[in-house]
Amino acid sequence: MQNGDGETTPYSLFETREGRQRGGYRAFAATVMAGIAVIWGYRAAEIPAAGDPRRWPWIGIFISEILFSLYWILTQSLRWRLTYNFPFKDQLSLRYSDDQLPNVDIFVCTADPIIEPPVLVISTVLSAMAYDYPPEKLAIYLSDDGGSEFTFYALIEASNFSKHWLPFCRKFKVEPRSPEAYFSLDSALHNCSQEWIHMKKLFDEMKERINSVVEMGRVPKEIRDQNKGFSEWDNGVTKQNHQSIVKIIFDGKNHDNVDIDGCVLPKLVYMAREKRPQQPHHFKAGAMNALIRVSSEITNAPFILNLDCDMYSNNQDTIKELLCFFLDGKRSQDIAFVQFPQDFDNITKNKLYGLPDQVINEIELTGIGSYGTALYCGTGCFHRREALCGKKYSEDFNGSVHLDAQTNKEDPKTINELEEACKLLVDCNFENGSQWGKEMGLVYGCPVEDIVTGLTIQCRGWRSVYYNPKKRAFLGVAPISLDVYLVQFKRWSEGMFQIFLSKYCPFIYGHGKIKFGAQMGYCVYLLWAPLSLPVLYYATVPAICLLRGIPLFPEVTSLWAIPFAYVFVTKTCCSIVETITCGSTLKAWWNLQRMLLFRSTTAFFFSFIDTIIKQLGLSQTKFAVTAKVAAEDVSKRYEQEIIEFGSSDIMSTMIATLAMLNLFGLLLGIKNVAALDLESFYKGMNKFILQTLVCGLIVMANLPTYEALFVRKDKGRLPA
């Protein structure tokens with residue numbers, strides 16, 4: 001099956017293949033680096049003398065280009081070597097029977113029933129329950145950080161619906177297995193059989209009941225009387241102030257926990273950890289750690305799949321594919337987790353907001369995964385419980401799961417006793433004086449707990465794998481308005497820059513523990529925030545200098561212009577080729593460039609400022625939950641690929657200001673040059689053409705901004 005070195009054999013459960021044509025790319029990168037070196041030489045040699053009005057703008061743009069170049073060098077670590085992983089699911093079935101497969105716990109996290117509607121949450125839960133996997137070996141845990149009775153009620157409704165939905169999925173091999181996503185497909189894709197019509201009717205009726213209760217603002221007494229679990233909400237429970245709540249809805253033992261075909265249903269557990277106003281709760285990291293403890297008491301499966309509440313399963317075979325990476329003997333024993341890319345089901349043809357960034361998914365995350373250090377991205381990740389709980393890897397570690405002896409955790413406790421025992425594990429004081437949030441579970445103190453947790457696991461000797469299947473394993477909900485998009489990137493970039501400035505900086509914490517290329521790869525994302533400074537400089541100073549007639553670039557007829565043109569053209573062409581080969585359109589590439597400009601000059605810049613303020617002890621970390629629903633008119637404009645500005649907040653104001661600055665710089669700069677005589681005009685254009693090109697590109701990227709300012713009349717416009 002495998003040789004003594006753990007290499008691939010004809011009976012291996014997965015294979016790792018090297019990417020092709022990387023030698024050609026490395027040669028290309030070397031020529032770009034040579035061009036960058038020439039530009040540095042030109043900038044250093046031509047620094048204007050003291051008193052020259054060009055001196056300080058010139059020095060500033062020189063520093064900006066150095067920062068751009070250093071960042072580009074970091075990105076090469078993600079492209080230098082690419083390896084791709086391929087599991088062999090059929091081999092798994094040949095090697096292990098269903099009875100021998102390990103138990104799997106699935107965590108779904110939600111935080112707010114308004115921003116994350118209960119119907120969306122339970123569709124994800126139902127998709128997880130419906131995997132093509134022995135149901136007695138599955139357990140689904142829902143963490144409700146909002147402590148909402150509406151979410152609990154929706155889960156009760158979903159548990160009843162699952163008795164019909166799971167047999168329907170098995171019979172018709174339904175995909176996707178989220179009922180919301182499945183019934184949203186074009187009806188022409190369905191045969192509209194009586195079973196289909198009946199199932200859709202059941203789902204619509206369930207949605208109507210849930211939405212009616214949410215709109216009513218309370219769960220009616222007749223419903224509360226049917227399930228004693230609602231008694232937890234009798235004493236004024238609020239989102240930020242409530243006791244521990246753990247309710248086992250399906251335990252796998254009760255004879256009523258079967259579907260209409262008589263098949264056992266997966267275990268289903270609701271959990272809301274205790275929250276008190278004066279007690280830190282550590283956001284999603286705290287919720288995940290609470291889930292780890294509760295699940296260890298109830299099922300203690302060796303493997304854990306964690307999902308965001310909007311990230312539903314899109315492939316019924318995902319768990320079996322994932323297990324191929326963990327059950328292949330010596331080749332698997334040091335693998336801590338397998339990460340999937342984040343994909344979305346509400347993406348427009350040309351990816352209006354640049355999500356998902358296919359170059360990141362197809363190339364960059366593959367590149368960092370090639371070092372054995374795939375990033376943990378917080379959702380769509382399959383963990384080995386031991387690694388997640390803080391165990392260090394060593395050469396004598398036996399990572400095999402004793403499959404023949406594998407059974408569900410048998411506990412003599414009754415359901416009530418189990419629930420009470422679990423409540424103690426998730427109260428506010430349980431973690432006091434413990435290693436939770438430090439050496440155990442997800443790491444606390446950072447808005448992007450997933451990235452830093454993945455890094456600490458890798459620094460304990462474990463390896464991680466990035467797996468990007470052709471059939472998307474999970475699909476979520478992407479932002480459909482610019483303000484939500486920018487707020488999301490602000491939170492990410494702020495959290496990642498905090499990691500860089502902390503003891504977890506990869507160059508320090510990872511020194512001697514992970515490869516240097518992996519350390520560089522991490523910093524590509526950790527340095528998003530400071531990258532805003534050179535971008536903001538390039539988006540402002542050339543336009544201002546153009547207005548004042550100050551040239552910052554070599555004359556276009558000068559030989560010094562060649563390296564500028566070469567670096568710009570080749571990097572742009574390379575970016576376009578990467579985007580198109582990853583399956584996106586040319587317009588999608590242009591949309592992404594616009595979003596890179598927008599988020600660099602707003603979200604990244606403000607996250608840089610906020611992080612510095614926090615480092616000075618003047619503010620505290622805050623967590624923003626991204627909205628998963630939007631008004632109908634917003635959705636309609638999104639489908640038409642019209643950017644939703646719709647507010648006059650500071651980020652939109654920044655975008656509009658930079659757009660107008662570059663427009664005035666371009667038009668007045670050209671006007672000033674055009675006012676000269678013919679000979680002076682040619683000299684002026686020769687001197688300013690590269691600078692004009694910079695402003696012109698920013699103006700072109702901002703065409704939707706001008707339209708939103710001066711043309712559009714809808715609610716998504718920018719208030720002038």
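Reader: Which element gives the most to the lining of the second largest cavity?
Author: That's α20, with three residues. Both α20 and α23 (650–674) supply at least two residues each to that lining. Helices here are DSSP runs (H or I, at least four residues), numbered from the N terminus.

Reader: What are you calling a cavity?
Author: On a 1 Å grid over the protein atoms alone, a set of points where a 1.4 Å probe fits but cannot get out; lining residues have an atom within 4 Å of a point.

Reader: OK, which residues line the second largest cavity?
Author: A539, L597, F598, T601, I655, L658, I698 and N702. By class, six are nonpolar, two polar and none charged.

Reader: And how much space lies in it?
Author: About 50 Å³, where volume is the space filled by probe spheres set on the points.

Reader: Is this model predicted or experimental, by the way?
Author: Predicted: local features need pLDDT of at least 70, side-chain atom pairs count only at pLDDT 80 or more, and totals for chains, interfaces and linings use all residues. Residues are numbered from 1 along each chain as its sequence is written, and side-chain values use heavy atoms, leaving out hydrogens and water.

Reader: How many cavities does the whole-structure search find?
Author: Four of 30 Å³ or more.

Reader: Which elements give two or more residues to the lining of the largest one?
Author: α11 (358–369) and α20 (586–601). Among the lining residues are K351, D357, Q358 and W589, and the whole lining divides into five nonpolar, four polar and two charged.

Notes
1 Å grid on protein atoms, 1.4 Å probe; cavity = no way out; pocket = protein on both sides within 12 Å on 5 of 7 lines; lining within 4 Å. Nonpolar A, V, L, I, M, F, W, Y, C, P; charged D, E, K, R; others polar.
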